[in-house]
Amino acid sequence: MAALTTARNTPEMADGGRMRVYPVEANTNVYLGGIVALNAAGNAVPASATTTVANALKVVGRAEYVKAGIPGQNAINNPGIAGAISITARKGVFLYATDGSVGVAQIGLVCFALDDNNVTATDRASGASVQQYAAAGTVVAIDQSGQVWVDFWHQSAASA
């Protein structure tokens, strides 16, 4: 496509792309409030670790509601084929638990999704030879409870 030579009406994604709808993987349950990731097929799954190959999941936000169902419901696609239902994932700054490795020193750095409810400071367990955890987002703050505020909205290049 050539460079502009006149004004252009450039479309903007509704709500700036903060909320996106994704098909849910076959035989998968995605729970409201959990960290949602996309697998290699582009289907939504709960964030999780892998121990055999480098983690191919990509975190896309917090689970909001099922698109083709009743708002406020978990995405239960088990049993079910891939794409039978959808989930909305929201970008934003959300509070998640940590394995204890994320502290004040990690503020401004990327944290990683240990699972759909916990983040960690590193991308793999001690001694692991491959990346096990998907980049979740940037650590914004540590709550008084010890939980972590994670920014899924303004993710770093490493987690985008």
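The model is predicted, so local features need pLDDT of at least 70 and side-chain atom pairs pLDDT 80 or more, while totals for chains, interfaces and linings use all residues. Residues are numbered from 1 along each chain as its sequence is written, and side-chain values use heavy atoms, without hydrogens and water.

The protein chain contains 12 strands and zero helices (DSSP runs numbered from the N terminus: E, at least two residues, for strands; H or I, at least four, for helices). Of its 160 residues, 40% are buried. The chain exposes about 8,500 Å², with 54% supplied by carbon and sulfur atoms (Shrake-Rupley method, 1.4 Å probe; for residues, only the protein chains shown count as cover). Among contacts (heavy atoms within 4.5 Å) with a separation of 6 or more, 58% join residues 24 or more positions apart.

Two aromatic pairs are present (ring centres of Phe, Tyr or Trp, the last by its six-membered ring, within 6.5 Å; planes under 30 degrees apart are stacked, over 60 edge-to-face, the rest tilted). The ring centres of Phe94 and Phe152 lie 6.0 Å apart, and the planes meet at 35°, so this pair is tilted. Phe94 belongs to strand 8 (residues 93–98) and Phe152 to the segment after strand 12 (148–151), so the pair ties together parts 58 residues apart in sequence. Phe94 is buried at 9% relative accessibility. Phe152 is buried at 0%. The Tyr96 and Phe152 rings have centres 5.9 Å apart and planes at 75°, so they pair edge-to-face.

Conventions
Buried < 20%, exposed > 50% of the residue type's maximum accessible area, 1.4 Å probe, protein only.
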